[in-house]
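Biologist: I would like to learn how to read a structure such as this one, feature by feature. Could you take me through it slowly, giving the general idea before the particular case?

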Amino acid sequence: MTEEELAATFEPLIRTELDDLKSLREGAKGDRKPVELDQQSVGRVSRIDSLQVQAMSNAAEARRQKRVRALQAALQRIEDGEFGYCTECAEPIAEGRLRTDPAATRCISCAR
Ligand SMILES: [Zn+2]
């Protein structure tokens, strides 16, 4: 694929995934609010419960942030005309691999 074809194919995929991640983050906001310390309104068990929900939500948020950074870096590579080339050996990354993960930075051999 030419640089233009790569950009035309993968930029929309990357932007869609970024939008999806953004809505997921908006939706999960409530779970990450600091846990209320008032023992009268929140029993001990439900407090442990909400701490666990918060911890899981924070872990999910950390994964989403990492993914957002990877996708933004891919957009930057499109802009720089470097998208689709392995950052290690500079060979083209297989199209199928990019379809699986448009944020892939290395070809299959280098990723192994
Ligand atoms: Zn490579």
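**Contacts, core and helix pair**

Modeller: Let us begin with a contact list: setting aside neighbours within four places in sequence, Cys107 is in contact with Cys86, Cys89, Glu91, Ile93 and Ala94, where two residues are in contact if their C-beta atoms, placed from the backbone, lie within 7 Å. Please keep in mind that this is a predicted model, in which local features need pLDDT of at least 70 and side-chain atom pairs count only at pLDDT 80 or more, while totals for chains, interfaces and linings use all residues. Residues are numbered from 1 along each chain as its sequence is written.

Biologist: Which residues make up the largest nonpolar core?

Modeller: The general idea is that, in soluble globular proteins, nonpolar side chains tend to be buried together. A nonpolar core here is a set of buried Ala, Val, Leu, Ile, Met, Phe, Trp, Tyr and Cys residues joined through C-beta atoms within 7 Å. A residue is buried if 20 or more other C-beta atoms lie within 10 Å of its own, exposed if 12 or fewer, and partly exposed in between, the C-beta atoms being placed from the backbone. In this model the largest such core has nine residues, namely Leu6, Phe10, Ile14, Leu71, Ala74, Phe83, Ile93, Leu98 and Cys107. Helices α1 and α2 each supply at least two residues of this core, and the largest share, three residues, comes from α1.

Biologist: How should I read the helix labels, and what span should α2 have?

Modeller: Helices (H or I, at least four residues) and strands (E, at least two) are DSSP runs, numbered from the N terminus. The expected span of a helix is 1.5 Å times one less than its number of residues. Helix α2, residues 44-80, has 37 residues and should therefore span 54 Å, and the 53 Å between its end C-alpha atoms agrees with that. The buried residues of α2 are Leu71, Ala74 and Arg77, and these pack against α1. After α2 comes Gly81, whose phi is positive, near 75°.

Biologist: How do α1 and α2 cross?

Modeller: Axes are lines fitted to C-alpha atoms, for helices over the stretch in contact, and angles run from 0 to 180 degrees between N-to-C directions. The axes of α1 and α2 come within 10 Å and cross at roughly 155°. Angles under 35 degrees count as roughly parallel, over 145 as roughly antiparallel, 65 to 115 as roughly perpendicular and the rest as oblique, and α1 and α2 are therefore roughly antiparallel to each other. Residues contributing to the contact include Ala7, Ile14, Leu18 and Leu21 of α1, together with Ser57, Val68, Leu71 and Ile78 of α2.

Biologist: Is Leu18 buried, partly exposed or exposed?

Modeller: Leu18, which lies in helix α1, counts as partly exposed because it has 15 C-beta neighbours inside 10 Å.

Biologist: Where is Met1 found, and which residues does Met1 touch?

Modeller: Met1 is found in the segment before α1, the helix of residues 3-28, and, not counting residues up to four places away in sequence, Met1 touches Leu6, Thr9 and Glu95. With 13 C-beta neighbours inside 10 Å, Met1 counts as partly exposed.

Modeller: Phi of Ala90 is near 70°, a positive value in a residue other than glycine. Ala90 lies in the loop between α2 and α3, the latter being residues 95-100, and is exposed, with 10 other C-beta atoms within 10 Å.
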